Amino acid sequence: MAVLKEINIDYDQICELVNQLDFKKKIDLLGNIIKDKRYKSDFYKFTNRLKKKHSIPDMNEEELDNFLHDDN
C-alpha cells in the first residue's frame, strides 16, 4: 500500500476501482471508511454546508423523511 501513496490517483479512478468490487466488498469498504474517527465530524461539516448552501430549514424526523422522499 505504501506504493499507492506515491501515485496520484484521481476521484474518477477511485470510482472506477470501487465499481469493480462486488457488493460485499463495497459494504466492507464503507464500514472501514466510517470507522475513521474523523468521518463523523467531516460528515456533519459537509452536510451542514449543504444545508446552508441550499437553504434547507431545520426539520424533525417526519418532515425530513417527507422532504427526502418528495417526488417534486
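**Aromatic cluster and nonpolar patch**

At 33% relative accessibility, Tyr39 counts as partly exposed, since buried means under 20% relative accessible area, exposed over 50%, and partly exposed in between (1.4 Å probe, protein chains only). The model is predicted: local features need pLDDT of at least 70, side-chain atom pairs count only at pLDDT 80 or more, and totals for chains, interfaces and linings use all residues. Residues are numbered from 1 along each chain as its sequence is written, and side-chain values use heavy atoms, with hydrogens and water left out.

Two aromatic pairs turn up in a search of the whole structure. Rings of Phe, Tyr and Trp (its six-membered ring) pair if their centres lie within 6.5 Å; planes under 30 degrees apart count as stacked, over 60 as edge-to-face and the rest as tilted. Tyr39 and Phe43 are stacked because their ring centres are 5.9 Å apart and their planes stand at 20 degrees. These two residues are four apart in helix H4, so about one helical turn separates Tyr39 from Phe43. Helices are DSSP runs (H or I, at least four residues), numbered from the N terminus.

Phe43, at 37% relative accessibility, is partly exposed. Phe43 also pairs edge-to-face with Tyr44, at 5.6 Å centre to centre and 75 degrees between the planes.

Helix H3 (23-35) and helix H4 (37-53) each supply at least two of its residues, and the largest share, six residues, comes from H3. Phe23 lies in H3 and, at 64% relative accessibility, counts as exposed.
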